[in-house]
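Please look over the structure below before reading on.

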Amino acid sequence: MSYTRALSILVLAAFSGSALARVLTGRQVFDHTCHTCHARGVAGAPQFGNRAAWRKHLAKGIKVLEEHAIHGYYGQSFMPPKGGDESLTDSEVRAAVRYMVAAVQSGPSLDPHQ
């Protein structure tokens, strides 16, 4: 856990329990962490919104993409666990994956603003 995240949790603990229940949205996680690689395709990361770049990844299925994002993937591309931000929860990482997938999927299956 990063020092900043740990300090934030301690500060929040001083407030009400409801403050601790705040979970980042997929878009917030993307903007904070994922964009570093997925905005420009760093280390083989499929670029956000680029359907062709995502095609082979989508073929693996959403569950595999989520597992790779949470635990990391080292193959033809490089994906550090949780995008290098271990302070993210698994749920937050899943939301970020679904946010990125929604940006390249046709149809209303996922809300791109989640």
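What percentage of the 114 residues of the protein count as buried? The share is 29%. The model is a predicted one, and the values that follow are to be read with that in mind.

## Overall make-up

The protein has 6 helices and 2 strands. Read from the N terminus, the order of elements is α-α-α-α-α-β-β-α.

Taking contacts between residues at least 6 apart in sequence, 48% link residues that are at least 24 apart.

## Helices α5 and α6

Helix α5 spans residues 62–71 and helix α6 spans residues 90–102. The two pack with their axes 9 Å apart, at an angle of about 125°. The crossing of α5 past α6 is right-handed.

On the α5 side, the contact is made by Ile-62, Lys-63, Leu-65, Glu-66, Ala-69 and Ile-70. They meet Asp-90, Val-93, Arg-94, Val-97, Arg-98 and Val-101 of α6. By type, the residues of this contact comprise 7 nonpolar and 5 charged, with no polar ones.

## Phe-30

Phe-30 is part of helix α3. Its relative accessibility is 8%, so Phe-30 counts as buried, the cut-off being under 20%.

Apart from neighbours within four places in sequence, Phe-30 is in contact with His-35, His-38, Phe-48, Ala-96, Tyr-99 and Met-100. The C-alpha atom of Phe-30 is separated by 8.8 Å from that of Val-93, a residue 63 places away along the chain. Val-93 is also one of the α6 residues that meet α5.

## His-38

Helix α3 covers residues 26–38 and includes His-38. Is His-38 buried or exposed? With 9% relative accessibility, His-38 counts as buried.

Leaving out neighbours within four places in sequence, the contacts of His-38 are Phe-30, Ala-45, Pro-46, Gln-47, Phe-48, Trp-54 and Met-100. Phe-48 and Met-100 are in contact with His-38 and are also among the contacts of Phe-30.

Technical notes: Residues numbered from 1 in each chain as written. Predicted model: local features only at pLDDT ≥ 70, side-chain atom pairs only at ≥ 80, totals over all residues. Heavy atoms only, no water. Axes fitted to C-alpha atoms, helices over the stretch in contact; angles between N-to-C directions. Helix = DSSP H or I, 4+ residues; strand = E, 2+ residues; numbered from the N terminus. Left-handed = near helix turned anticlockwise from the far one by under 90°. Contact = heavy atoms within 4.5 Å. Nonpolar A, V, L, I, M, F, W, Y, C, P; charged D, E, K, R; others polar. Buried < 20%, exposed > 50% of the residue type's maximum accessible area, 1.4 Å probe, protein only.
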